[in-house]
Amino acid sequence: MKKTLITVLRNRNTSVEQYRIAADQLATVLAIECDALFQKTTFDVDTPITRTQGVGYKQKPVLVPILRSGLVLLPPFMRFHPAAAIGFIGTRRDEKTAIPELYYSKLPPFNHDNPILLLDPMIATGGSAALAIKILKSAGAIEKQITLISFIGSREGIARLQKECPDLGLVVAQVDEGLNDQKWIVPGLGDFGDRYFGTL
Ligand code: URA
C-alpha cells in the first residue's frame with residue numbers, strides 16, 4: 001500500500017485532490033505502523049459482562065510537525081493519540097544554499113518518558129531534521145526518545161542523520177536514490193508542500 005500511495009504522490013499528473021487523498025492515507029498508514037513504538041501497559045477493564053484484561057499506552061507522545069509540510073502528518077497521529085501534547089518547529093531552507101534556518105519554535109513541556117514524534121514528510125539533506133533535533137535537545141529532549149517520521153528520505157539525508165544522531169529512531173516509507181544539484185530528492189515527488197497545499 002505504501003508503494004502505491006508513493007507512486008500517486010510521485011506522478012506529476014496527480015491532481016491536488018488525488019494528491020491530498022494519497023498523502024492523508026499514507027500518513028494514516030504510518031501513524032498505525034508507529035503504534036509498535038509505544039510502550040503498553042495492561043490493566044483490568046470492566047465490560048458490561050465481566051472483568052477482563054485491557055491494554056493502554058504507558059506514556060503520552062509529544063507530536064512535533066516541522067512547518068509547514070509536517071502538518072500533513074499531524075491529523076492521523078492526533079486521531080490515534082488525542083491526548084498528545086503538540087509542539088511546532090518552523091524551519092525554512094535558503095533556496096540557493098539549501099541550508100535551513102529556524103524561524104519558529106513552540107514546544108510543550110515534556111519529560112524523558114514521553115516519546116517525541118518529529119513529523120516531516122521529506123528528508124532531503126537532513127538539514128531541517130538535524131536542526132529540529134537540536135532544538136528539541138536544547139529543550140531537554142534526549143535523542144533516543146525522538147523518532148522522525150517521514151514519507152521519503154534520500155540515502156544521503158538518512159546517512160547524515162544516522163551519523164549525527166545515532167540514537168534517533170527513524171520511520172521512513174521510502175528511501176530514494178539521492179539529491180540533484182538543487183538538493184531536490186531524486187526521483188522524489190517535487191515540492192511536497194507546494195503540491196499538497198496547492199501553492200505551486
Ligand atoms: N522538500 C520537498 O518537498 N521535496 C524535496 O525533494 C526536498 C525537500
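Q: In which sense do strand S3 and S7 pair, and over how many bridges?
A: This is a predicted model. In it, S3 (residues 62-67) and S7 run parallel, with four bridges between them.

Q: Which residue is the bridge partner of Pro65 in S7?
A: That's Leu119.

Q: And what about S7 and S9, parallel or antiparallel?
A: Parallel, over four bridges, with S9 covering residues 146-154. Leu118 sits opposite Leu148 of S9.

Q: Which way do the side chains of S7 point?
A: Ile116 and Leu118 go one way, Leu117 and Leu119 the other. In a regular strand, side chains alternate between the two faces of the sheet.

Q: Are those four buried or exposed?
A: Buried, all of them.

Q: OK, pockets. How much space lies in the largest pocket?
A: About 690 Å³.

Q: Which residues lie nearest its centre?
A: Ser69, Arg93, Met122, Ser128 and Asp191, out of 29 lining residues.

Q: Which elements supply at least two residues of that lining?
A: Strands S3, S5 (88-93), S8 (122-123) and S12 (185-186), plus helices H4 (127-138) and H6 (192-197).

Q: How does the lining divide by class?
A: 14 nonpolar, nine polar and six charged.

Q: What about the second largest pocket, how much space is there?
A: About 280 Å³. It has 13 lining residues, with Gln39, His112, Asp113, Pro115 and Gln145 nearest the centre. By class, the lining of this second largest pocket has five nonpolar, six polar and two charged residues.

Definitions and conventions. Residues are numbered from 1 along each chain as its sequence is written. This is a predicted model: local features need pLDDT of at least 70, side-chain atom pairs count only at pLDDT 80 or more; totals for chains, interfaces and linings use all residues. Side-chain values use heavy atoms; hydrogens and water are left out. Buried means under 20% relative accessible area, exposed over 50%, partly exposed in between (1.4 Å probe, protein chains only). Two strands pair if DSSP finds at least two bridges between them. On a 1 Å grid over the protein atoms alone, a cavity is a set of points where a 1.4 Å probe fits but cannot get out, and a pocket is an open set with protein on both sides within 12 Å along at least five of seven lines; lining residues have an atom within 4 Å of a point. Grid points are joined across faces, edges and corners, and a volume is the space filled by probe spheres set on the points. Ala, Val, Leu, Ile, Met, Phe, Trp, Tyr, Cys and Pro count as nonpolar, Asp, Glu, Lys and Arg as charged, and the others, Gly among them, as polar.
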